[in-house]
Amino acid sequence: MQQFFSGFIRRLALALSAATVMMGSMLLARGEAELICALLFGYAAALVFVWNMAMRLWRLTVAPNRSTRQMLWGLAFRLFLAFLLFSLAARFSERAFFIAVLGFLVCYGLAFSVLAYMNLAKR
């Protein structure tokens with residue numbers, strides 16, 4: 001599992017750095033460099049989501065009889081975290097909220113794309 005996560009993190013970091021360069025240069029060209037922090041904020045929120053799901057699934061392998069409880073607590077935690085983080089971003093500005101959501105969706109989508117690619121590459 002440790003070997004899988006190290007390869008996953010390496011590929012995800014490469015994909016996120018490419019996405020950050022593209023979107024960050026777009027924001028710089030528009031004169032909105034202050035929104036790069038909101039983009040990174042969205043990335044951090046998505047990485048917490050991915051980490052939480054991975055840890056919940058890892059705990060399921062140890063105690064499979066508590067699977068429903070683990071997944072429901074994980075879902076409640078992720079929904080509360082999303083509400084908290086995005087309401088915080090909305091307090092700054094509308095643009096910061098949308099950029100944070102964009103960063104979240106890009107990071108979350110890239111994480112699952114990398115995961116699917118690694119799963120299909122094994123076959």
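## Where helix 3 meets helix 4

Phe86, Ala89, Ala90 and Phe92 of helix 3 are in contact with Ala96, Phe97, Ala100, Val101 and Phe104 of helix 4, where contact means heavy atoms within 4.5 Å. Sorted by class, this contact has nine nonpolar, no polar and no charged residues. In that sorting, Ala, Val, Leu, Ile, Met, Phe, Trp, Tyr, Cys and Pro are nonpolar, Asp, Glu, Lys and Arg are charged, and the others, Gly among them, are polar.

Two packed helices are described by the angle between their axes and the distance between the axes. Here the axes of helix 3 and helix 4 come within 7 Å and cross at roughly 145°. Each axis is a line fitted to C-alpha atoms, for helices over the stretch in contact, and the angle, from 0 to 180 degrees, is taken between N-to-C directions.

## About the model

This is a predicted model, in which local features need pLDDT of at least 70 and side-chain atom pairs count only at pLDDT 80 or more, while totals for chains, interfaces and linings use all residues. Residues are numbered from 1 along each chain as its sequence is written, and side-chain values use heavy atoms, with hydrogens and water left out.

## The overall picture

The protein has four helices and zero strands, following the pattern α-α-α-α along the sequence. Helices (H or I, at least four residues) and strands (E, at least two) are DSSP runs, numbered from the N terminus. The C-alpha trace spans about 50 × 35 × 20 Å along its principal axes.

Of the 123 residues in the protein, 34% are buried. Buried means under 20% relative accessible area, exposed over 50%, and partly exposed in between, using a 1.4 Å probe and protein chains only. Among contacts between residues at least 6 apart in sequence, 72% join residues at least 24 apart.

Helix 3 covers residues 67–92, and its 26 residues should span 38 Å at 1.5 Å a residue; the end C-alpha atoms are 38 Å apart, which agrees. The expected span is 1.5 Å times one less than the number of residues. The buried residues of helix 3 include Gln70, Gly74, Arg78 and Leu81, and its buried residues pack against helix 2 and helix 4.

Helix 4 has 28 residues and reaches 40 Å from its first C-alpha to its last, close to the 40 Å expected. Serine 93 caps the N-terminal end of helix 4, with a side-chain oxygen 3.0 Å from the backbone nitrogen of alanine 96. Among the buried residues of helix 4 are Ile99, Gly103 and Cys107.

## A glutamate in a loop

Where does glutamate 32 lie? Glutamate 32 sits in the loop between helix 1 (2–29) and helix 2 (36–62). Glutamate 32 counts as buried because its relative accessible area is 16%.

The side chain of glutamate 32 makes a polar contact with the side chain of arginine 95 at 2.8 Å. A polar contact is a pair of N or O atoms within 3.5 Å; within protein, one must be able to donate a hydrogen and the other to accept it, and residues adjacent in sequence count only if both atoms are side-chain atoms.

## The cysteines

A search of the whole structure finds zero disulfides, a disulfide being a pair of cysteine sulfur atoms within 2.5 Å. Cysteine 37 is in no disulfide, and the nearest cysteine sulfur, that of cysteine 107, is 16 Å away. Cysteine 37 is exposed, at 58% relative accessibility, whereas cysteine 107 is buried, at 0%.
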